[in-house]
Amino acid sequence: MSSLQSFGQMSINPPLILLGTYLMWGYFGAACLVGMGLLVGVVALQVKFSSMTHEPRKENKRMTDERVKITHEVVEGIRLIKMYTWEKLFKQKILNCRETEERTFIKMMHIDAMSRNISSTSIYVNILIVCILYIMFGGVLSPDKIYASMLILLYVGANLVHANTGRMG
């Protein structure tokens with residue numbers, strides 16, 4: 001992604017956050033500031049998690065290439081390997097590469113699972129916190145306030161994540 005495109009997407013974030021805050025202010029007043037702050041924090045956390053998977057992905061690709069290379073060598077030199085009985089040596093080399101590849105893959109999946117869990121639950125926790133604060137400030141909840149605010153938070157959150165994907169991983 002070019003820096004101009006990245007700048008264009010990133011420049012949308014402040015107006016989008018302000019628009020979301022303005023729309024939620026009509027429903028929840030000052031409590032919406034906490035909700036938008038939490039939303040921005042969660043998006044930053046998602047970007048951080050995404051960047052954490054960069055090294056494991058790179059290592060996984062490197063180990064996969066190494067394993068494929070050794071496997072290719074075995075297939076190409078199978079007669080020589082059989083003649084000198086090097087099967088166990090090459091088998092062990094391939095298994096070691098596979099184990100390392102598997103460890104990096106599992107690490108990558110753990111980070112991805114944490115990111116997905118945070119992503120899928122953050123909006124609901126966010127709206128819960130906003131509603132609790134709104135009630136503590138003396139407000140009265142109604143289904144339309146909750147539903148509209150959830151839609152606003154979902155829309156703003158999805159667009160913030162989309163705008164920040166150019167900087168991920």
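Q: How many helices and strands does the secondary structure of the protein chain come to?
A: Seven helices and zero strands. Helices are DSSP runs of H or I with at least four residues, strands are runs of E with at least two, and both are numbered from the N terminus. Along the sequence the pattern reads α-α-α-α-α-α-α. This is a predicted model, where local features need pLDDT of at least 70, side-chain atom pairs count only at pLDDT 80 or more, and totals for chains, interfaces and linings use all residues. Residues are numbered from 1 along each chain as its sequence is written, and side-chain values use heavy atoms, with hydrogens and water left out.

Q: Why is F28 called buried?
A: Buried means under 20% relative accessible area, exposed means over 50%, and partly exposed lies in between (1.4 Å probe, protein chains only). F28 has 2% relative accessibility, so F28 counts as buried. Y134 has a relative accessible area of 13%, so Y134 is buried too.

Q: What makes F28 and Y134 an edge-to-face pair?
A: Two numbers describe such a pair: the distance of the centres and the angle of the planes. Rings of Phe, Tyr and Trp (its six-membered ring) pair if their centres lie within 6.5 Å; planes under 30 degrees apart are stacked, over 60 edge-to-face, and the rest tilted. A search of the whole structure finds one aromatic pair. The ring centres of F28 and Y134 are 5.0 Å apart and the planes stand at 90 degrees, so the pair is edge-to-face.

Q: Which parts does the pair of F28 and Y134 tie together?
A: F28 lies in helix α2 (residues 13-28) and Y134 in helix α6 (residues 87-136), so the pair ties together parts 106 residues apart in sequence.

Q: Is N126 buried or exposed?
A: Its relative accessibility is 3%, so N126 counts as buried. N126 is found in helix α6. Not counting residues up to four places away in sequence, N126 touches G35, L38, L39 and L153. Contact means heavy atoms within 4.5 Å.

Q: What share of the 169 residues of the protein chain counts as buried?
A: 32%.
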